[in-house]
Amino acid sequence: MNLKQKSWGAALVLAAAQFAALPAQAAVEHYMVDPGHTYPSFEADHMGGLSLWRGKFEKSSGTVTLDRAAKTGTVDITIQSESLNFGNAKMNERARSADMFNVEKYPTIHYVGKSMRFENGQPVEVIGELTLLGVTKPVNLKINQFLCKMNTFIKRMACGADAEAHFNRGDFGMTYALDKGFKPEVKVLISIEAVQQD
């Protein structure tokens, strides 16, 4: 073997060693939202601080992706607005009317999280947009709790999170009773579980 051949062989060995030393690239994880364990809820002011209305949506669906290597992910959630439930039939009827959620014209509420912020290997915030009453505005979700583990009932990996967001309902055109002193701020609380599909 001549010197040129030896040099070429050494270069190949070095390249192979460097490639082997590269960290393995983890695949993007895909999850399907479990509608039986996912309940978006919210708090809204009544009469300028007199009390708080608390309601939840009983029907939602969607997907979540996680890319732990890149420290990011996505969220896509669709909520059926007619599934709104305050635990009070009269209040439900009022909230579903054209003055508020207008469920006949806008049967769904849509949230798209385009990226995530990670700290210490865990997602702590979703950066995304909310579409409500046909209006789309930036709304970020703060993740207060996050865990992935084996769901021993269904023998599949699952991730769960508790998240919250705040927005001004007037920005989305939901102006009911704001002229009567109602506060426009809404707090959203989301308990979500999603099952891995990979």
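## A hairpin and its disulfide

Strand 10 and strand 11 form a hairpin with four residues between them, and K155 in the turn has a positive phi of about 60°. Strands here are DSSP runs (E, at least two residues; helices are H or I, at least four), numbered from the N terminus. This is a predicted model, where local features need pLDDT of at least 70, side-chain atom pairs count only at pLDDT 80 or more, and totals for chains, interfaces and linings use all residues. Residues are numbered from 1 along each chain as its sequence is written, and side-chain values use heavy atoms, with hydrogens and water left out.

**Exercise 1.** Work out how strand 10 pairs with strand 11 and with strand 8.

*Solution.* Start with strand 11: strand 10 pairs with it in the antiparallel sense over nine bridges. Two strands pair if DSSP finds at least two bridges between them. Now turn to strand 8 (residues 122-132), which pairs with strand 10 over two bridges, also antiparallel. Here V126 has L141 of strand 10 as its bridge partner.

**Exercise 2.** Find the disulfide and describe its handedness.

*Solution.* Searching the whole structure gives one disulfide (a pair of cysteine sulfur atoms within 2.5 Å). Its ends are C148 and C159, with S to S at 1.8 Å. C148 sits in strand 10 (residues 141-151) and C159 in strand 11 (residues 156-168), eleven residues apart. These two cysteines are bridge partners as well. Next, check the S-S torsion: it's about 100°, so the disulfide is right-handed.
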